Amino acid sequence: MRRVLSRLFWIVPVLMLGACKLEVLAPSGYVAAQQRDLLVISTLLMLIIILPVMALTIYFALRYRASNERASYSPDWDHSTKLELVIWALPLMIIIALGALTWVGTHLLDPYRPISRIDAETEVPEDVDPLEVQVVALDWKWLFIYPEQGVAAVNELVVPVDRPVLFSLTSSSVMNAFYIPAMAGMVYAMPGMETSLYGVFNSAGTFQGMASHYSGAGFSQMRFDATAVDEAGFEEWVAETQSGEDRLDRLSYLQLEEPSIAVPPATYAGVEPYLFDRAVNMCVEEGKICMAEMMAIDAEGGTGLAGTMNVASLTYDKYQRRGSRAPVLGWEPFQVTGFCTPEDTALMFASADEPSAAPIDLTRLRGRAVDAPAGPLSLIEGSRALTWLMPPTNERAEADTTGGMAADETL
């Protein structure tokens, strides 16, 4: 009886596998189905070599064991042209077949390539545009923004059946990976970058989405439900979401960005314009210059040493997540708040005895600046002047006591 139970014990792990969903091998979307076919065909081609090798290994071990005196013994045999032809020709043919299959499949399943077919028999109609969904990987939850519908959701994705979906992805802090096995392949979401992925569902249902790249303490619970419904069901969900009261603006986004684990699904009835673009350019915080602006300035010659101080810390856990920063030129990092031309700088330094000098509006300098600083200090560098915030130094404090400009005085 004990022997029977010990043998049945090894069946238990196999029975537990019965509760697993084979979404990779039984997908619900045409893109995922093509990836499954690529995986299965490649595996079968490799098994043509693997199975005979494993079988021959067992055969030779049994056939030529030391106790088998009937096995032929040929110590002088060292070559066979026929065996060499079989050993090298067959793997070479399989490698060529795998190379051709991978080359074609890689280009057809490029995540940036628009979908041309809804399924194997149906092409995408010319008048059907893909549904755009903007995805932000947060710590540790997923934010989905529907720019056409003007709504957003956290850890909840709802899309219509038989309609291509274009995912635009980014991350708020660390690199992550977006993966819905039943719908499409995996693609990375990276901070400061935007990646894309096309997918489609061919059947209604609720499927699992996940983060397939380790990203910290809450990674294991960074999952969401991807629900595929018919077109009427999707419109109903959008209308229900739009009837809510919560809105996703920059302030609520920064609050949502703070690390949290096992966040329940939530929806937003409205989304602030360009929020996803700000997330990509890492300038959701008020007054922080966007990367696109920085690149435009760099293309015109850059800001020199002052640009190294154009930093803004996260509002939470900044030293552990972004690392501490050594002081530059003796003071803590601060943020560039405006760029102006030499003409603007001359007006800023105009004497108070000249009433004709027009006041300068610091809220928008040449369309690139952010909010006006509370205590600006200007530095002329070449043909460009920089305005920034700087803590008082001993020299400036001395100037205050001798009638000089106060540290918090505004030009």
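We will go through cores, aromatic rings, a helix and a serine.

Mentor: This is a predicted model, where local features need pLDDT of at least 70 and side-chain atom pairs count only at pLDDT 80 or more, while totals for chains, interfaces and linings use all residues. Residues are numbered from 1 along each chain as its sequence is written, and side-chain values use heavy atoms, with hydrogens and water left out.

Trainee: Which residues touch the most other members of the largest nonpolar core?

Mentor: A nonpolar core is a set of buried Ala, Val, Leu, Ile, Met, Phe, Trp, Tyr and Cys residues joined through side-chain atoms within 4.5 Å. Buried means under 20% relative accessible area, exposed over 50%, and partly exposed in between, with a 1.4 Å probe and protein chains only. Here the largest core has 44 residues, and Tyr146, Leu157, Phe167 and Phe178 touch the most other members. At least three of its residues come from each of domain 1 (21-64 + 81-109) and domain 2 (131-281), with bounds from an automatic or database domain assignment. A second, separate core has 17 residues, including Val136 and Val271.

Trainee: How many aromatic pairs are there?

Mentor: A pair of aromatic rings is described by the distance of the centres and the angle of the planes. Rings of Phe, Tyr and Trp (its six-membered ring) pair if their centres lie within 6.5 Å; planes under 30 degrees apart are stacked, over 60 edge-to-face, and the rest tilted. The count comes to 13 aromatic pairs. Tyr146 and Phe234 make a tilted one, at 6.2 Å centre to centre and 45 degrees between the planes. This pair links strand 2 (residues 141-146) with helix 5 (residues 231-242), its partners being 88 residues apart. Helices (H or I, at least four residues) and strands (E, at least two) are DSSP runs, numbered from the N terminus. Phe201 and Phe207 are stacked because their centres are 4.8 Å apart and their planes at 15 degrees.

Trainee: Which residues of helix 4 are buried?

Mentor: An α-helix has 3.6 residues a turn, so residues three or four places apart point the same way. In helix 4, Ile94, Leu98 and Gly105 are buried. The buried residues of this helix pack against helix 3 (30-63).

Trainee: Is Ser171 buried or exposed?

Mentor: Ser171 counts as buried because its relative accessibility is 2%. Ser171 sits in strand 5 (residues 165-171), and a polar atom of its side chain lies 3.5 Å from the backbone nitrogen of Ser173.

Notes: Contact means heavy atoms within 4.5 Å. A polar contact is a pair of N or O atoms within 3.5 Å; within protein, one must be able to donate a hydrogen and the other to accept it, and residues adjacent in sequence count only if both atoms are side-chain atoms.
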